[in-house]
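This briefing is intended to be read alongside the sequence and the 3D structure. The points are grouped by topic.

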Amino acid sequence: MLARIPAWTSDLKTAEDCWTVAIGFDAIYDLLSKEERKVIVEGLVKNGIKPALNDWVMGNNRIHTLNSMGHNWWSACVGMAGVASLAIMTDYPEASEWVDKISVSFQEWHQFNGDELHFKPKTMDSKGGMYESINYAAFGISEYLFFRLAHQNTLPDKPQPVIEGLEKIADFFINASYPRDGMLYSLNLEMVI
């Protein structure tokens with residue numbers, strides 16, 4: 001990724017770090033001094049949120065085109081930058097604008113129509129399926145749902161954009177799973193192909 005021109009500044013590790021710091025920050029928030037909060041928030045913005053948003057969402061700096069949107073990395077990188085933005089809104093007012101941008105951009109991710117020239121399928125089909133694989137779909141959707149739940153818990157009175165077809169995803173997973181006792185098994189299309 002660093003060999004790309006321009007080089008990426010964020011990836012799944014950035015997403016993981018955004019999530020980890022956001023959860024930790026929330027957990028110890030009341031124990032931190034104002035100065036300690038400032039150090040954590042500025043570090044999270046500089047090393048996590050802004051690199052992710054610049055690479056994956058924001059206009060002039062965006063490296064990833066809509067073709068990246070069909071992939072589960074998009075929802076992970078953007079969603080976890082969103083969770084981190086939610087965590088710092090009290091201390092960093094600009095973060096609320098990022099949260100709004102992220103909420104709206106998830107509609108675009110979910111509705112990405114594919115790109116036949118580059119062999120990129122739609123993010124989700126009309127029945128809720130994501131055909132990179134069952135595991136990729138599970139990862140991509142769960143990262144979005146982490147953001148959505150954090151948004152709902154942080155801003156309960158602020159409605160999120162309606163994503164048409166989102167309600168069909170549960171049926172997709174059920175229909176791609178084998179009935180059995182215990183944990184569900186699913187066919188991992190990625191390994192079959």
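A residue is called buried when its relative accessible area is under 20%. By that cut-off, Gln160 counts as buried, because its relative accessibility is 15%. The structure is a predicted model, and the protein contains eight helices and two strands.

**Overall architecture**

- Read from the N terminus, the elements of the protein follow the order α-α-α-α-α-α-α-β-β-α.
- The protein has 193 residues, of which 41% are buried.
- Of the contacts between residues at least 6 apart in sequence, 67% join residues at least 24 apart.

**Gln160 and its surroundings**

- Gln160 is located in the loop that runs between helix 6 (134-154) and helix 7 (169-175).
- When residues up to four places away in sequence are not counted, Gln160 touches Tyr144, Phe147, Arg148, His151 and Gln152.
- With His151, the polar contact is between the two side chains, at 3.4 Å.

**Packing of helix 2 and helix 4**

- Two packed helices are described by the angle between their axes together with the distance between those axes.
- For helix 2 (residues 34-56) and helix 4 (residues 72-88), the angle is about 145 degrees and the axes are 9 Å apart.
- The crossing of helix 2 and helix 4 is left-handed.
- On the side of helix 2, the residues in contact are Val41, Leu44, Val45, Ile49, Ala52, Leu53 and Trp56.
- On the side of helix 4, these residues meet Trp73, Trp74, Cys77, Val78, Ala81, Ala84, Ser85 and Ile88.
- Sorted by class, the contact between helix 2 and helix 4 comprises 14 nonpolar residues, one polar residue and no charged residues.

**His110 in helix 5**

- His110 belongs to helix 5, which spans residues 95-111.
- His110 counts as buried because its relative accessibility is 6%, and the cut-off for that class is under 20%.
- His110 and Tyr144 are 34 residues apart along the chain, and their C-alpha atoms are separated by 9.8 Å.
- Tyr144 is also one of the residues that Gln160 touches.

Conventions: Residues numbered from 1 in each chain as written. Predicted model: local features only at pLDDT ≥ 70, side-chain atom pairs only at ≥ 80, totals over all residues. Heavy atoms only, no water. Helix = DSSP H or I, 4+ residues; strand = E, 2+ residues; numbered from the N terminus. Buried < 20%, exposed > 50% of the residue type's maximum accessible area, 1.4 Å probe, protein only. Polar contact = N/O pair within 3.5 Å; in protein donor to acceptor, adjacent residues only side chain to side chain. Contact = heavy atoms within 4.5 Å. Axes fitted to C-alpha atoms, helices over the stretch in contact; angles between N-to-C directions. Left-handed = near helix turned anticlockwise from the far one by under 90°. Nonpolar A, V, L, I, M, F, W, Y, C, P; charged D, E, K, R; others polar.
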